[in-house]
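Trainee: I'd like to learn how to read a structure like this one. Can we go through it feature by feature?

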Amino acid sequence: MSAHPSDANRKSLSIVASIVVIVLLAVSLTYYALERPGPEATPSPSTSGEAVPVVGAQTLPNAATKEKAALLNCTGPEEAFINEGGIYSQLGYPIVVGNSHSPTGPLSPGTFYLVYPAGDGIAIGDLVLPMISFCQALSKAISSLGIDSANYTLAKVILNDGEAYPGGGAGDPTWTFFFAQVYQGYWIDGGMDGYYFSATATVNPVKGSVNDLAENSFILRSAPRNFTLNFNSTQALENVRHTTKMDEGPSLVANGTLSSIDLRLGTVWQVYQGSYPSIQPVNDSTSAEQLRLLWIITTNAPNYVGYFVVDAETGQVVEAEGESTLPCGGAPNCGTTTTTEYLTNVFLTPYYDQTSGLRVPSEFLEVNGSSFGLSGNFSVEIPHVIVMAPGSSGSIGLNVTGEGMSCSTSYCPSSQFQVAPSIGPFHPGVSVSFSDPVISLKMGATVNDTMLISVSPTAAEGTYIVLLDNKLYSSPDAGYGGYFILSIWNGLGQWPPLAVGNP
């Protein structure tokens, strides 16, 4: 499938996602794909009979859902921009994206204190820094843009935490707000920054500053037009499933796994001598008569991704395209015959809810801000510290996860590898072993193991970071795969704090 020249940049930018098939979409498909920024409900049109499948990329685990609800619980004027309910809420909007590496949760705004500057560092906990609240930051974004809740709604938020390194250097946290322009209760495809929002602003929650303002608002020409949602998302998906003619690509993608589904107001243009249509963002020259209410649906099938557009008023499948996800579309002699069978990485993560003979409380560490370029003292919360008294032993669950393999043929994902978890040289008097010292692991799979820890009666009290190795059983080389924090402490007096600095 050839990329539509007018859409190529928008579509590739909007398909930034966290799963492999969406990464592939970002390379080859078009702008309405999985991670696409998402809207929320402003005055919501009627959704009678609506049965909206909640899409994976827009769905949060229960704990994160609660965090999201608490974050969006604003009571000031900004509350009008985050109205809950209606069809866009059912679709999972507003989307809130947090830092997945946060020790205390992806939606916990904060700044990481990284104790190991080498490489990406280890985020041991959140710095407790004075910063404005989420609602205050949202209010600053709204006022700086000069937008109102009658025409705009909050669509997406990206919470980027700052990073601080001992020995100097700190990056400011930035919270980026995206807003969708609303017309007749539906969201307009604004086409901004490769997405389809109409306004965005970035707020520094520590300094309170606002920058990167961008707005693509406009007034539609000609008389207003009312839209009717005659086909709900389930019906639109069924129409895709029964597609008999593809504009491009194989018909098997029509029955592929649903990746995303969204509802937008956009325009439809014929391109390439009318060979297939193209969905275009709304701009200053767009008239109300040119708008169409569209379901945008993406799917994935073995070695293919699909992109579909369904008119929500007529049920017509406006666009139906599919594309191979193989290198060069599976063309001969283009990297499709070379097989490299190895795990790119193995992650070892303690399962803190599965313990025996030890405690895993949270602890606080006071650090001097001068070590990372700030003034004053700051408190770092370490959410999980394994505490064991001298002369004790215990166990904790360990999740061993294999990351994707560099591989271009279909049988590679089933290849198994043997991983031997271990630790490097460690504190005298402490020994660590594993119930299953050699683990068979598939690409993308997670296997459970148990880590056994024993502390001698003579071991000195202290708190340490223990690095976990992930060496492949057939290889002499070990790689860093995870860590845990261990306190040797009898529980009396003050907790022995972690030594701040390089290992």
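**Reading the disulfide, cores and sheet**

Mentor: Let's begin with the cysteines: Cys74 and Cys135 form a disulfide, with their sulfur atoms 2.0 Å apart. Keep in mind that this is a predicted model.

Trainee: What is a disulfide, in general?

Mentor: A disulfide is a covalent bond between the sulfur atoms of two cysteines. Here, searching the whole structure turns up one disulfide. It links distant parts of the chain, 61 residues apart: Cys74 sits in the loop between helix H3 (62-71) and helix H4 (86-90), and Cys135 in helix H5.

Trainee: Which hand does the link of Cys74 and Cys135 have, and are the two cysteines buried or exposed?

Mentor: The link is left-handed, with -90 degrees about the S-S bond. Cys74 and Cys135 are both buried.

Trainee: Next, the nonpolar core. Which residues touch the most other members of the largest one?

Mentor: Look for Leu263 and Trp295; this core has 40 residues. Elements giving two or more residues to it include helix H6 (233-241), strand E10 (257-271) and strand E12 (292-301). Another core, of 26 residues, lies apart from it, with Leu71, Tyr152, Leu154 and Ala199 among them.

Trainee: And the open sheet of five strands: what is its order?

Mentor: Read it as E5-E2-E3-E17-E16, with mixed pairing. Strand E5 (163-164) and strand E16 (363-368) are the edge strands, each pairing on one side only.

Trainee: How many bridges join strand E3 to strand E17?

Mentor: Two, and these strands run antiparallel. To find your place there, look at Asp126, which stands opposite Glu381 in E17.

Methods:
Residues numbered from 1 in each chain as written. Predicted model: local features only at pLDDT ≥ 70, side-chain atom pairs only at ≥ 80, totals over all residues. Heavy atoms only, no water. Disulfide = S-S within 2.5 Å. Helix = DSSP H or I, 4+ residues; strand = E, 2+ residues; numbered from the N terminus. Buried < 20%, exposed > 50% of the residue type's maximum accessible area, 1.4 Å probe, protein only. Core = buried A, V, L, I, M, F, W, Y, C linked by side-chain atoms within 4.5 Å. Pairing = 2+ DSSP bridges.
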